[in-house]
Amino acid sequence: MNPVAARRGVVWSAHGVGVGGAGCLLWAFSVPGFAVLIAMAAVAILGVAVVLWTVGAQLSHSTGRTWPWWLPLGPAMAVVMLVLLVTGVPLRARWALSRDAFEAVVAELPERSPATGFDPVRVPTTVGSYRITRAYLVSGGVVFYEENGAFFDDAGFAYLPDGPTPSLGNGSFESPVFRPLGGGWYRWTASW
C-alpha cells in the first residue's frame, strides 16, 4: 500500500473514531445523572482515537512532514468536548428538545392534595428523548425517574413550581439533590 494513502487512512480513522467517541461521551452526560456504561465505552473509543492519531502523527513525521495541517484537530476536538461537558451543554440541549413533551405530560396529570406522599402515576415510557421508568405525584408537583439514572443512584426530572421541599426526602428517596432547569423544572439525583 502507498505510504501516503496509509497515513491518510490512519488520520481519517483517528478523527472519525474520535468524533464517534466524543458523541458517545456527550450523550452519556445528556441525562440527569450520567450513563456510566456509555461513558466507559466512550472513553475506550477515545483511547483508540488517541492511538490512531499518534500513529498518524508518526507516519506524517516519517514522510518528512513536521507540522501537518490536521495535527491540531484532535486536541482541538478534545478541548471543545471538555468545554461542552464542563458547561453542561449536552444535558441542557437534550432537555430543551424534550421539555415541551414533559410539560404536555404534566398538563394531563391529576391535581394533588398537599397532604399526600409519593403516589405512583402512569406516564408514557418515552417523554421527549428520555426513557422514563416511573413517575410519582408529590406534594407540589411530579417526579420522573429517568432510565439511565446515575449508575447505582436514581436520577430524573421533577416539576416543582414552588421548588423542592424537605418532605421530598423519604426512606426510598434519600438525599435528593435538585438542580434547576428553569420554569419550575429540576434535574435530580438521589442515593439509596
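Tyr-136 is buried, at 19% relative accessible area, where buried means under 20%, exposed over 50% and partly exposed in between (1.4 Å probe, protein chains only). The model is a predicted one, in which local features need pLDDT of at least 70 and side-chain atom pairs count only at pLDDT 80 or more, while totals for chains, interfaces and linings use all residues. Residues are numbered from 1 along each chain as its sequence is written, and side-chain values use heavy atoms, with hydrogens and water left out.

Let us turn to the rings themselves. Searching the whole structure gives 15 aromatic pairs; rings of Phe, Tyr and Trp (its six-membered ring) pair if their centres lie within 6.5 Å, and planes under 30 degrees apart count as stacked, over 60 as edge-to-face and the rest as tilted. One of these pairs is Phe-102 with Trp-185, edge-to-face at 5.8 Å centre to centre and 75° between the planes. This pair links distant parts of the chain, 83 residues apart: Phe-102 belongs to helix α4 (residues 89-108) and Trp-185 to strand β7 (residues 185-191). Helices (H or I, at least four residues) and strands (E, at least two) are DSSP runs, numbered from the N terminus. Both Phe-102 and Trp-185 are buried.

Back to Phe-118 and Tyr-136: why is this pair tilted? The ring centres of Phe-118 and Tyr-136 are 5.7 Å apart and the planes stand at 55°, so the pair is tilted. Because Phe-118 lies in the loop between α4 and β1 (119-120) and Tyr-136 in strand β3 (residues 130-138), the pair ties together parts that are 18 residues apart in sequence.

Phe-102 and Trp-185 also belong to one aromatic cluster, along with Trp-95, Tyr-130, Phe-144, Phe-157 and Tyr-159.

Charges meet rings here too. The charged end of Arg-134 sits over the ring of Tyr-145, 3.9 Å from its centre, the rule being that NZ of Lys or CZ of Arg is within 6 Å of the ring centre and within 35 degrees of the ring normal.

Finally, how many salt bridges are there? The count comes to two, each a side-chain nitrogen of Lys or Arg within 4 Å of a carboxyl oxygen of Asp or Glu. Glu-103 bridges to Arg-99, with the closest N and O atoms 2.9 Å apart. Glu-103 and Arg-99 are four residues apart in helix α4, so about one helical turn separates them. Glu-147 forms a salt bridge with Arg-131, with 3.9 Å between the closest N and O atoms.
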